[in-house]
Amino acid sequence: MRKIINSTYVSLDGVIENPQNWTSAYFQDEAAAYARELLFSCGAILMGRKTFDGFSQAWPAMEEATGDFGVRMNSLPHYVVSDSLRKPGWGDTTAIPRAEAVAEITKLREQDGQDILQYGFGPVSRTLVEHGLLDELRLWIHPVLVGARETGELLNADEFSATFELAGTEVFKTGVIIATYVPTAR
């Protein structure tokens with residue numbers, strides 16, 4: 001069975017929105033190597049619509065600058081949970097209707113192959129946690145206070161709770177800490 005691994009950038013004040021605005025100074029060699037190892041250890045990418053929209057617009061143009069990382073990002077099968085996406089237009093992308101998300105993601109998880117990577121934490125992540133489908137949560141904690149709190153807070157979880165246990169940490173020279181958590185048994 002494949003694992004579903006969530007990888008999310010978060011500031012010290014819990015912001016996850018627009019990470020391109022506050023993470024670039026911290027993305028040095030160690031972070032690049034870790035991100036590469038993670039991407040290449042996975043055989044598919046799972047996303048919500050908001051993440052898909054950002055990635056599908058950015059990554060095709062970044063392939064030349066990012067080399068084999070960009071090629072991998074663009075060529076992996078992508079699965080996006082969306083009721084409105086009709087023609088994804090980014091490589092091998094499959095749209096999964098929300099009503100079918102749990103069943104379809106369960107089938108994906110049960111297939112043979114490399115793990116499934118999910119970037120960002122939002123409604124799809126919440127669904128994964130609620131249905132016991134998320135195997136690892138890797139929070140890239142950045143030593144920055146962003147202060148902009150709109151809809152992009154990791155901890156904005158009305159009527160939603162879950163418990164995790166720490167499975168490991170990775171600390172980079174830039175001060176970024178990757179905390180890997182696994183769900184605890186309910």
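**Group meeting talk: a sheet and its helices**

Let's start with a pair of strands. Strand β6, residues 136–142, runs antiparallel to β8, and five bridges join the two. Leu137 stands opposite Tyr181 in β8. Please keep in mind that this is a predicted model.

Now the whole sheet. How many strands form it, and in what order? There are eight, and they go β4-β3-β2-β5-β1-β6-β8-β7. The sheet is open, and the pairing is mixed. At the edges sit β4, residues 93–96, and β7, residues 164–171, and each of these pairs on one side only. Neighbouring strands are turned against each other by 25° on average, direction ignored.

β7 runs antiparallel to β8, with seven bridges between them. β7 and β8 form a hairpin, with five residues between them. Gly175 lies in that turn and has a positive phi of about 100°.

Is β7 well covered or hardly covered? It is hardly covered. Of its eight residues, the count of buried ones is zero.

Take Phe164, which belongs to β7. Its relative accessible area is 27%, so Phe164 is partly exposed. Which residues does Phe164 touch, leaving aside neighbours within four places in sequence? They are Val129, Leu134, Leu137, Tyr181, Val182, Pro183 and Thr184. Leu137 is 27 residues away along the chain, and the two C-alpha atoms are separated by 8.7 Å.

Thr180 sits in β8, residues 177–183. Buried or exposed? Thr180 has a relative accessible area of 12%, so this residue is buried. Again leaving aside neighbours within four places in sequence, Thr180 is in contact with Tyr34, Glu136, Leu137, Arg138, Glu165, Leu166, Ala167 and Gly168.

Now move along the sheet to β1 and β5. β1 covers residues 4–11, and β5 covers residues 115–119. These two run parallel, joined by four bridges. Ile5 has Leu117 in β5 as its bridge partner.

On to the helices. Helix α4, residues 101–110, packs on the sheet. Which strands does α4 touch? β1, β2, β3, β4 and β5. The direction of α4 makes about 140° with that of β4.

Helix α3 comes next, residues 68–75. It lies across β2, β3 and β5, and runs at about 65° to β2. β2 is residues 42–48, and β3 is residues 78–81. In α3, the buried residues are Phe69, Gly70, Arg72, Met73 and Asn74. They pack against α1, β2, α2, β3 and β5, where α2 is residues 49–66.

Helix α1, residues 29–40, packs with α3 at an angle of about 35°. Their axes are 10 Å apart. Left-handed or right-handed? The crossing of α1 and α3 is left-handed. From α1, the contact uses Ala35, Arg36, Leu39 and Phe40. From α3, it uses Asp68, Phe69, Arg72 and Met73. By type, the contact residues divide into five nonpolar, no polar and three charged.

One last stop, in a loop. Asn18 is found between β1 and α1. Its phi is near 50°, a positive value in a residue other than glycine. For background, most residues other than glycine have a negative phi. Asn18 has a relative accessible area of 38%, so Asn18 is partly exposed.

To recap: eight strands form an open sheet, α4 packs on that sheet, and α3 lies across β2, β3 and β5.

How values were computed: Residues are numbered from 1 along each chain as its sequence is written. This is a predicted model: local features need pLDDT of at least 70, side-chain atom pairs count only at pLDDT 80 or more; totals for chains, interfaces and linings use all residues. Side-chain values use heavy atoms; hydrogens and water are left out. Two strands pair if DSSP finds at least two bridges between them. Axes are lines fitted to C-alpha atoms, for helices over the stretch in contact, and angles run from 0 to 180 degrees between N-to-C directions. Contact means heavy atoms within 4.5 Å. A crossing is left-handed if the near helix is turned anticlockwise from the far one by less than a right angle, and right-handed if clockwise. Ala, Val, Leu, Ile, Met, Phe, Trp, Tyr, Cys and Pro count as nonpolar, Asp, Glu, Lys and Arg as charged, and the others, Gly among them, as polar. Buried means under 20% relative accessible area, exposed over 50%, partly exposed in between (1.4 Å probe, protein chains only).
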